[in-house]
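User: I would like to go through this model and ask what stands behind the terms used for it. Please show the structure before we start.

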Amino acid sequence: MSASSNNNNFSKGTDLAVILLYLIMVAIGIMCIFMVEYNPNLTWSNSFLMAKTNYSKQIYFAIFCGFVAIFILLVDSKLFTALANISYLLGILLMLATFVVGKNINGSKSWIPIAGGFNLQPAELCKIFTALILAKFISKPETDFTKLKSHIIAGIMITLPAILSIMQHEMGLALVYSAFIFAMYREGLPPVILVILLSFAILVIATLLLEPTTLSIVLTAVAGLFIANMIKRFKRNKNNILIVLAIWVVSFGTVRFVVPYIFNNVFECYQSTRIYSMIGKEYDCSLNKKSASSTTERKSKKPDDYNVKQSKIAIGSGGFWGRGFLKGTQTRGRYVPEQHTDFIFTSLGEAFGFVGTFTFLALYLFFLFRLIRIAERQRSTFSRVYAYSVVGIFFFHIAVNICMTIGLFPVVGIPLPLISYGGSSLLTFTALLFILLRLDADRQMVLR
Amino acid sequence: MSMYNSNRGGIIQIIIGIIFILITVQLISLQIFSSKYVLAANNNAIFRKIIYPDRGIIYDRKKRALLENTISYDLVVIPNEAKGVDTTTLCEILKIDKEEYKKRMVEVIIKNSRVKSGIFEAFLSAELYAQLTENLYRFPGFSLSERSIRSYPYNTAAHVLGYVAEVDVNFLEKHGEEGYEMGDYAGMTGLEKQYESILMGQRGVKRFLRDNKGKIQGPFEKGQFDTVAVAGRNLFTSMDVEVQQLAEKLLQHKIGSVVALNPKTGSVIAMASSPGYNPNLLTGNQRRKTIGRLLTDTARPIYNRAIKGQYPPGSTFKPMGALIALDEGLITPSFGYNCFGLYTSCGDPRKCEHHNAGHAANLQLALANSCNSYFLQVFRMAIDNPKYHNAKQGYLKWKQYMNSFGLGRKLGIDLPSENKANIPDTAQYNKDFGGAKYWNSCYMLTLGIGQDRMTATPLQLANAMAFIANKGYYYTPHFIDSIEEEDEIDKKLLQNFRTKQEVTKIPTEYFDIIKEGMHDVTVYGTAAFIKVPGHEFCAKTGTAQNPHGKNHSLFVCFAPKDNPKIAVAVIVENAGFGATWAGPIAGLVMEKYLNDTLTKESKTKVDYLSNIDLMPEAIKAWYIRNNKTEMLSPIEYNNDELADVWDMEMLSESTPIKTKIDTIKKLDTAAPPAKPLAPPTKNKKIKEQALNPKLKKKKIKSKINNVSI
């Protein structure tokens, strides 16, 4: 660190590289939003001062977040461990409150209106609180994270806000909570659980891809072969056979009942459709009981793959060098819906091409690796768990968001960290990151 | 505890790395290896508007526009944007039903895809246009587009000018490099086709940026990729609208052709082919109806007989036969032949119309009297020329002359699909007679009087007249004298039309003799009764036997005699004597061109001639069978009675010959009974003959009996 930082309590030990990356990212974000919103007929100074456009709003958000960041860097790091439990509780309460005073924005009733026309999304903030309480829980001396009991408690802490998010119709936000697996894995979650989850995921995908009957037959055949093999080899261990049978029952149940149930009763019609369209199939919405009850009125909408198609066109048309700053026709013609929020990556891809997107990805990768390095240098478990939570959340957002814009993942409403337009999102990521930096500055201290 | 798991940080890094690599791979495939996305983006956002320039205009020699451009409106639609259209109202306005609406929509999609605009209804009438503009807001996706279409202020020269039509798939394949698109128009026939690249001009393209709602946001990249439309250039001809109109009028109710050339330049003054059509009927919304009718018409109104019709030249060939003999030194102008009405040197006797002694005492007389025997003899002399060792060599030399006169080959006029007609090859005779050894000049004797297998187009005959009028050279016949703002490429294009074609070295005094003979034709010969007030002229009549029925009436001429300004060839199919029908038509055309006006007497003649119906009975019968009686002339004439009247006037001195002919025919036992020359045949009989294919065949097979005046 620089010489001056030694005398300065504020910046002592703070990782300046991450702050620099943070500033670059926010600047790129504002530039991208500017490209989306750009209107040659508007004088920019006027629109800027009047805060009428999204990019000028985003600048105000950024300034506000700057103050928040400074504030976070100034507080005592012990405060975060102290407030971990209570803040989580508050977050859950706020989420519950949305069901009462929530404001409906874009079909999800997950916003609480606050002064000045701004709205707060508690689910966003809850990510921070969940990260804190998870860190707090794992770092407790009495917690033995090799035990299944601890895994289950941690799992409940994570899934509670996730379930509330699903109830708010915020599928994307709910998915983000799976990002905590990184932290848990780092702290000793046995790989078996990951393998089981992965197998389950593969099974679900296979269920979607293949005919259920075919898959059932294949599963039964595989199980049969296993058992036959065991009998042949005289390994007549009852337990082994029972395990195989149990796996078979679970798989079969998944294929036949769980997956259809999830698609028809848990997911909204549009979500099921999106997932099906990813693998090139059509989903019959009349099967969907959830949508059937809630949204009876069918609006004439653009086809479901419209977003992804236009998004791919935008990125693809960028080519190697891009079409140039403010020259993207997809962006200028507003062909990509939600381009300033979830699909912000497309404006970058169109304007700066592969060179731009690759540089951008490299920047993100460097950022994530830097965070992992920070995580690994923590002495206290609390800081490390928190750091891995931050890595997980950032990574999950980046991966899912970019994958959905380039057609590798179904469309879920997940913003691109620090880039997408949105005060809540920017504030959340700023807070997440600067709490980590604050903790990192005190990395010599053992926090509990 | 953390110590045990510290390697897991690395695993997490690997997982992150793998996912990032995956993303990068997808980005490479999207951004570097797929070109379709750029196209898709351009399709989305760039709206290309093609600016059609006005086509060039074609002018006649007095700068009157033979064709012009007028504005027409089309109703166009972009299928993707046609949502929420008030179809009921639209269908009411256009007077179509919903089925038709759907059908047209599908057509547009097939032709131009969903996102490009396609024509829903072309050539709106003024009334429709007004109604549609009023209600356009009810039809999202529909718009009215302006288009320039052709109009023909003089309703004339349809065959020459040709027409423009929407390009089809074949056209696009052939002209792939020239930037045509579906829905474009291009010249399909005539001058429109020949000079397409000049008339078309250069299309301009304007590119606009459009947003996701199809709203135009402004020019794309400030218009730096836009190209400006350059108007087509105008063409200047030596045609004369009034002469052209006169020629067409005179050919009404007849099948035939008139070609008038300016011998000094080779420029076409008039070119008419009958039956023709009104060129205005092939533009705008009547086109569909008209083109179908024209294409199915048995008289083939679209066919330009002036450059494609192949006719035996008959006696109109005689001056050329004489020229060959003179040039080869086989005869002198004083050469005479003692003709007594028959040519018998080849066994099979050939008739001559004249029997009085001395009618072929020298070349000039023979030409004026059109003595068949004389020219048969001259032909034989040319073929059996001792200079060339055998008949084959002689024939080849003769053919070479013919080709240099512009016969039996394409002249290279600036119209597409000119026919070269036929001057038979020796190979044809070798095949017919079983080898070169087995034939001599007697075998194709009637070539000497423009029969046998010799055919020529009206254009070639007119050009031959120009060649004689000029005493030995001609300019390639052409329409376009000059192009507006001519550049080097244009000069090259027109170069051939500006070069003198001096192909033979026949001394001018021989031409003088021929000219005198042809002048005598108009003084006391077969065309003696045809006068061009104020001018002396040279002419040759022809009455050509043909396998299709009654003789073709031919007439070739040029005027004035000493300073030729116009050379004309006229053919009226199946009409009879050359002097009867083709002659007066040619005379009137010359008079109109030279005097710029017609005498009162001539005007009555025009009215009279133009109303005479000389359509072959077979064609009339076809019209009646196919319920196309509107094509028939309102007044029924008895052709042959009228013909007789004209015959009397022109051949007053030879009236008694008719009986003689009959007696000659009786003598002529070797020849199968050919159609009698002049005796009045009733319409009924001709009809019978024309409709009876057996009879026709027989006629084709029958050796052509020499009849030529």
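**Terms and their grounds**

Analyst: Chain B holds an open sheet of three strands in the order β1-β8-β9, paired antiparallel. The model is a predicted one.

User: What makes β1 and β9 of chain B edge strands?

Analyst: Each of them, β1(B) at 46–51 and β9(B) at 216–219, pairs on one side only.

User: How do you know that β1(B) and β8(B) pair?

Analyst: Pairing needs at least two bridges. β1(B) and β8(B), residues 204–210, have six bridges in the antiparallel sense, so they count as paired. One such bridge joins Arg48(B) to its partner Arg207(B) in β8(B).

User: Why is the span of α20(B) called close to the expected one?

Analyst: The expected span is 1.5 Å times one less than the number of residues. Helix α20(B), residues 508–523, has 16 residues, and that gives an expected 22 Å.

User: What makes residues of α20(B) buried, and which are they?

Analyst: The term requires 20 or more other C-beta atoms within 10 Å of the residue's own. In α20(B) the buried residues include Tyr510(B), Ile513(B), Ile514(B), Met518(B) and Val521(B), and also Lys515(B) and Asp520(B). Among the elements that cover the buried residues are the helices α13(B), α14(B) and α18(B) and the strand β18(B).

User: How are α5 and α6 of chain A packed?

Analyst: Two packed helices are described by the angle between their axes and the distance between the axes. For α5(A), residues 78–101, and α6(A), residues 122–139, the angle is about 145° and the axes are 8 Å apart. Their crossing is left-handed. Among the residues that meet are Phe80(A), Tyr88(A) and Leu94(A) in α5(A), and Leu125(A), Phe129(A) and Ile133(A) in α6(A). By class, the contact of α5(A) with α6(A) has 13 nonpolar, six polar and one charged residues.

User: How many residues does each chain give to the contact of chains A and B?

Analyst: Chain A gives 41 residues and chain B gives 30. On the side of chain A that touches chain B, the largest share is the twelve residues from α17(A). The residues on that side of chain A divide into 22 nonpolar, twelve polar and seven charged.

Technical notes
Residues are numbered from 1 along each chain as its sequence is written. Chains are lettered from A and ligands numbered from 1 in the order in which they are written. This is a predicted model: local features need pLDDT of at least 70, side-chain atom pairs count only at pLDDT 80 or more; totals for chains, interfaces and linings use all residues. Two residues are in contact if their C-beta atoms, placed from the backbone, lie within 7 Å. Helices (H or I, at least four residues) and strands (E, at least two) are DSSP runs, numbered from the N terminus. Ala, Val, Leu, Ile, Met, Phe, Trp, Tyr, Cys and Pro count as nonpolar, Asp, Glu, Lys and Arg as charged, and the others, Gly among them, as polar. A residue is buried if 20 or more other C-beta atoms lie within 10 Å of its own, exposed if 12 or fewer, and partly exposed in between; C-beta atoms are placed from the backbone. Axes are lines fitted to C-alpha atoms, for helices over the stretch in contact, and angles run from 0 to 180 degrees between N-to-C directions. A crossing is left-handed if the near helix is turned anticlockwise from the far one by less than a right angle, and right-handed if clockwise.
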